[in-house]
Amino acid sequence: MGKPLHSLAIAGALIVGLGAAALFVLPGNENTGLLQPDNADVVARGKVVYDETCAACHGANLEGEADWQTPKADGLMPAPPHDVSGHTWHHSSKLLFDMTKYGVAEAANLENYQSAMPAYEGVLTDDEIIAVLSFIKASWPEDVRARHDALDAVTN
């Protein structure tokens, strides 16, 4: 590769890399580096996307399906709640993002794991996923949000 093309390739890679890095350092989100539960605009957008995309399984009030810890007859787990009664807040923001975008099995590196939860890559944008997760986190009590922030601090 000639010098001008090589420089152009490096510049392009740098721009892509900085763009990807910016995704995880959104303004007003210094605690987690990803979610924005204190940004009213992001949370409002997240609620709209959640209502359209997630509520049918996870419930209009984030309550999940009944008996969510017991496999259904088909062997798949019911949709868990995303409110404080569930385990969503036990996972880092990065893992929640990856599970939503790529699917549970890929994100958690689980071989042969079957899930009714689809991967949303190509369906939702990264910003829409972040907005949904921000909406969910905004519903948690302050003490749970603080524990989730502490988890993010050690896992990011």
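The chain contains seven helices and zero strands. The model is predicted. Read from the N terminus, its elements follow the order α-α-α-α-α-α-α.

**Burial, surface and contacts**

- Of the 156 residues in the chain, 37% are buried.
- Among contacts with a separation of 6 or more, 52% are between residues 24 or more positions apart.

**Nonpolar surface patch**

- M77, L110 and Y113 make a nonpolar surface patch of about 230 Å².
- One of these residues, Y113, sits in the loop between α5 (104-107) and α6 (126-138).
- Y113 has a relative accessible area of 33% and is therefore partly exposed; patch residues need over 30%.

**Cysteines**

- The chain has zero disulfides, counted as pairs of cysteine sulfur atoms within 2.5 Å.
- For C54, the closest cysteine sulfur is that of C57, and because the distance is 8.7 Å, the two are too far apart for a bond.
- C57 is likewise in no disulfide, its nearest cysteine sulfur being that of C54.
- C54 counts as buried, because its relative accessibility is 12% and the cut-off for buried is under 20%.
- C57 is partly exposed, with a relative accessible area of 46%, a value that lies between the 20% and 50% limits of that class.

How values were computed
Residues are numbered from 1 along each chain as its sequence is written. This is a predicted model: local features need pLDDT of at least 70, side-chain atom pairs count only at pLDDT 80 or more; totals for chains, interfaces and linings use all residues. Side-chain values use heavy atoms; hydrogens and water are left out. Patches are made of residues with over 30% relative accessible area and no salt bridge: like charges are joined within 9 Å, nonpolar side chains (Val, Leu, Ile, Met, Phe, Trp, Tyr) within 5 Å. Accessible areas come from the Shrake-Rupley method with a 1.4 Å probe; for residues, only the protein chains shown count as cover. A salt bridge is a side-chain nitrogen of Lys or Arg within 4 Å of a carboxyl oxygen of Asp or Glu. Helices (H or I, at least four residues) and strands (E, at least two) are DSSP runs, numbered from the N terminus. Buried means under 20% relative accessible area, exposed over 50%, partly exposed in between (1.4 Å probe, protein chains only). Contact means heavy atoms within 4.5 Å.
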